[in-house]
Amino acid sequence: MEPKGHVLLVYFVADESGSMAPYIDELNDGLLTLQAALQREPWAAGKVRFSVIGFSETAFTYLEPADMRFLQGEMTPLTAQTATSYLSAFRELDYRLSVDIPSLKQQGFVVHRPSVFFLTDGKPTGHEDWRGARQKLLGRPDHPNILAFGIGEAEEAVVREVATKPNYAWMSAHGR
């Protein structure tokens with residue numbers, strides 16, 4: 001069977017913990033801007049399958065991988081909630097990859113290595129083994145590239161640990 005084309009899975013993974021409350025409106029505005037930009041560029045939008053995952057104590061997929069050319073209406077907004085569980089975020093990503101990649105391949109697409117844009121204030125709560133879940137995710141043959149973005153008073157060392165490579169980690173200006 002001839003492939004339908006090549007697609008890139010892009011996961012926008014956003015920290016929805018209570019400490020993200022000062023930034024949640026900006027994250028939502030950014031998602032709407034991205035949606036509008038992709039919808040103005042149908043060729044680029046056709047090459048991307050975009051997904052949104054929010055996490056606090058648990059993780060939730062707000063938008064399963066979508067062809068943004070055909071997304072009707074606005075995306076579900078993110079909300080600031082409770083604690084920060086990186087463990088739940090990495091488990092949700094692992095699950096999504098196990099479902100989304102085979103689904104796209106079954107539809108006839110060639111799937112490039114997924115990209116994850118992980119936005120957080122870099123302050124995981126509790127003593128969960130998120131590093132083990134991250135390693136499990138990165139042990140997959142189809143593991144994603146994780147680009148980590150520290151927001152506000154993010155802990156730079158933690159943000160660097162989340163990213164797959166040190167140069168895949170960025171910090172916002174102090175307090176922004």
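The following legends describe close-up views of a predicted model.

Residues are numbered from 1 along each chain as its sequence is written. Because the model is predicted, local features need pLDDT of at least 70 and side-chain atom pairs count only at pLDDT 80 or more, whereas totals for chains, interfaces and linings use all residues; side-chain values use heavy atoms, with hydrogens and water left out.

**View 1. The aromatic pair of Phe12 and Phe50.** Rings of Phe, Tyr and Trp (its six-membered ring) are paired if their centres lie within 6.5 Å, and a pair is stacked with planes under 30 degrees apart, edge-to-face over 60 and tilted for the rest; by this rule there are 10 aromatic pairs. The ring centres of Phe12 and Phe50 are 6.5 Å apart with their planes at 40 degrees, so this pair is tilted. It links distant parts of the chain, since Phe12 belongs to strand β1 (residues 5–15) and Phe50 to strand β2 (residues 48–55), 38 residues apart; here helices (H or I, at least four residues) and strands (E, at least two) are DSSP runs numbered from the N terminus. Both Phe12 and Phe50 are buried, where buried means under 20% relative accessible area, exposed over 50% and partly exposed in between (1.4 Å probe, protein chains only).

**View 2. The aromatic pair of Phe149 and Trp170.** Phe149 and Trp170 form a stacked pair, with 5.1 Å from centre to centre and 15 degrees between the planes. This pair, too, links distant parts of the chain: Phe149 lies in strand β6 (residues 145–150) and Trp170 in strand β7 (residues 169–171), 21 residues apart. Phe149 counts as partly exposed at 24% relative accessibility, and Trp170 is partly exposed with a relative accessible area of 38%.

**View 3. A ring cluster, and a charge over a ring.** Ring pairs link Phe55, Tyr86, Phe90, Phe118 and Trp130 into a cluster. In the other part of this view, the charged end of Arg49 sits over the ring of Phe109, 5.1 Å from its centre; the criterion is that NZ of Lys or CZ of Arg is within 6 Å of the ring centre and within 35 degrees of the ring normal.

**View 4. Helix α1 and its buried face.** Ile24, Leu27, Asn28, Leu31, Gln35 and Leu38 are buried in α1. Seen down the axis of α1, the buried residues fall within an arc of 100 degrees, so they line one face of the helix; the arc is that of the directions from the helix axis to the C-beta atoms. The face of α1 turned away from the buried side carries the exposed residues Asp25, Glu26, Thr33 and Arg40. The cover over the buried residues of α1 includes β1, α2 (42–46), β2 and β5 (115–120), with contact meaning heavy atoms within 4.5 Å.

**View 5. The largest nonpolar core.** A nonpolar core is a set of buried Ala, Val, Leu, Ile, Met, Phe, Trp, Tyr and Cys residues joined through side-chain atoms within 4.5 Å. The largest has 31 residues, and those with the most contacts inside it are Val13, Phe90 and Phe118. At least two residues of this core come from each of β1, β2, α3 (86–106), β4, β5, α4 (130–138), β6 and α5 (156–162), and α3 gives the most, with eight residues. Not counting residues up to four places away in sequence, Phe118 touches Val13, Phe55, Tyr86, Ala89, Phe90, Ile146, Leu147, Ala148, Phe149 and Val162. A second, separate core of 21 residues includes Phe12, Met20, Ile24 and Phe50.

**View 6. Helix α3 and the position of Ser88.** The 21 residues of α3 reach 30 Å from first C-alpha to last, close to the 30 Å expected at 1.5 Å a residue. Just after α3, Gly108 takes a positive phi of about 100 degrees. Within helix α3 lies Ser88, which is buried with a relative accessible area of 12%; not counting residues up to four places away in sequence, Ser88 touches Phe55, Ser56, Glu57, Thr58 and Ala59.

**View 7. The buried face of helix α4.** Trp130, Ala133, Arg134, Leu137 and Leu138 are the buried residues of α4. Seen down the axis of α4, they fall within an arc of 135 degrees, so they line one face of the helix. What covers these buried residues includes α3, β6 and α5.

How values were computed:
The expected span of a helix is 1.5 Å times one less than its number of residues.
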